[in-house]
Amino acid sequence: MKHRTPRPARRHRTRRSRTPAVLAGAGAALLALTAPALPQAGAAVPRPAPAVITPAAAGELSARLTTRLGKEAAGAYYEAGSGRLVVNVLTDGAADTVRAAGAEARTVRHSLAELDAVRAALREEATMPGTAWSADPRLNKVVVTADRTVTGARLDRLEGVVGRFGAMAVLERTDSEFTPFLVGGDPVWTERERCSLGFNVTVDGRPHFLTAGHCGGEGAHWSASRGGPRIGVVAQARFPGEDYALVRLTSSSVTSPSLVGLSRGRTQRITRAADPVVGQRARRGGSTSGLRSGTVTGLDATVNYQEGTVHGLIEADMCAEPGDSGGPLFAGTAALGLVSGGIGDCSGGGTTFYQPVTGALRATGAAIG
């Protein structure tokens, strides 16, 4: 009788947030009339309570602590409900540093180097259309997702690679399919596609805008309506690998304020670009599905579309649909990302991936505003 080696367990796409408990201490202050009271023998020294901070401040603090802790850091995420930054660490010394900086320390098992090694192995051995992966700091493991097109020998190979890493990785399945959202803020058109304008930017003081790179390569012309007069031409584009395009406005009749559209004709001014933090609340716009709100769930994600692989993406639990490509991901006045693609739709829900705006600005030499 032939025995088949069991496959590693699969998880459904739905994730459970694992939020660590926050320790809170309460003590009564005593006014000493003669001499200060001495702590009882063996009494624990109270730990400083984590500071309540904004998502923008959490992103900056996370970056500083990651640099300071080096190999002792293991990722971070923001708790929107409590307003606290949680930083994963490997040692007690690193935990003390995190608490002193005003964040909550959480001791975990796997280092960033170990999780990065998992992702590197996946890139070498399991890059195939219909898959995506990112390190989830709340789970302290790499989450690999396979869409409905991954079957048979390809699924067996993926399961084998993921299974080698034990508790450091988990495989999830989805009934949807990873696709770049083609067909996208305000709509903009090439001769073939409709996408969405992301953010208005400038290059050497001249007006441009950012959108998705898969919407059109260098030299492609853009219009504000299907078959309408040309308003711009793609100056730089990158896809796959990354997913952004810089469009130079060529029409003097088009204004380019540093705004994104909200509902009912309202707008949000954009003044800067920022890198998000996992757990941060954000909004995204698109010409198909409009304005949506959600939470950043992953950073530095890899997605293997049928059209090619894109690295370094932001992952969020907001839906998007064809035509939303290139649309803005933002939080308050900060530009975060450009819609690249994803799975699902706005009827049943989905996950969307975004090109970070900070990377696109560095690559193109553009500036917000």
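Modeller: The strands themselves are DSSP runs of E with at least two residues, helices are runs of H or I with at least four, and both are numbered from the N terminus. This is a predicted model, where local features need pLDDT of at least 70 and side-chain atom pairs count only at pLDDT 80 or more, while totals for chains, interfaces and linings use all residues. Residues are numbered from 1 along each chain as its sequence is written, and side-chain values use heavy atoms, with hydrogens and water left out.

Biologist: What makes β3 and β4 a pair?

Modeller: The cut-off is at least two bridges, and β3 (residues 84–89) has 4 of them to β4, with the strands running parallel. V89, for instance, stands opposite T107 in β4.

Biologist: Which strands are the edges of that sheet?

Modeller: The sheet is open, with 3 strands in the order β2-β3-β4 and mixed pairing. β2 and β4 (104–107) are called edge strands because each pairs on one side only. On average, neighbouring strands here are turned by 25° against each other, direction ignored. For angles, axes are lines fitted to C-alpha atoms, for helices over the stretch in contact, and the values run from 0 to 180 degrees between N-to-C directions.

Biologist: And what lies across β2 and β3?

Modeller: That's α1, running at about 20° to β3. α1, β3 and β4 are also among what covers the buried residues of α2.

Biologist: Which residues of α2 are called buried?

Modeller: In α2 (residues 92–100) they are A94, A95, T97, V98 and R99. Buried means under 20% relative accessible area, exposed means over 50%, and partly exposed is in between, using a 1.4 Å probe and protein chains only. After α2 comes G102, with a positive phi near 100°.

Biologist: Why is α5 described as largely enclosed?

Modeller: Because 6 of the 8 residues of α5 (residues 357–364) are buried, the helix is largely enclosed by the rest of the structure. The buried ones are V357, T358, G359, A360, L361 and T364. Just after α5, G365 takes a positive phi of about 75°.

Biologist: What makes β11 and β12 a pair, and in which sense do they run?

Modeller: β11 (residues 199–203) and β12 (residues 206–211) are joined by 5 bridges and run antiparallel, against a requirement of at least two. N200 stands opposite F209 in β12. β12 also pairs with β15 (residues 244–249), again in the antiparallel sense, over 4 bridges. There, the bridge partner of H208 is R248 in β15.

Biologist: Why is D300 called partly exposed?

Modeller: D300 has 40% relative accessibility, so partly exposed is the class it gets. D300 is in strand β20, and phi of D300 is also near 55°.

Biologist: Which residues lie nearest the centre of the largest pocket?

Modeller: S62, P276, V277, L299 and D300, out of 33 lining residues. A pocket is an open set of points on a 1 Å grid over the protein atoms alone where a 1.4 Å probe fits, with protein on both sides within 12 Å along at least five of seven lines, and lining residues have an atom within 4 Å of a point. The volume is about 810 Å³, meaning the space filled by probe spheres set on the points, which are joined across faces, edges and corners. α1 gives the most to the lining, with 8 residues.

Biologist: Where is E177, and what does E177 touch?

Modeller: E177 is in the loop between β7 (169–173) and β8 (179–180). Leaving out residues up to four places away in sequence, E177 touches D147, R148, T149, Q306, G342 and I343, where contact means heavy atoms within 4.5 Å. At 25% relative accessibility, E177 counts as partly exposed.
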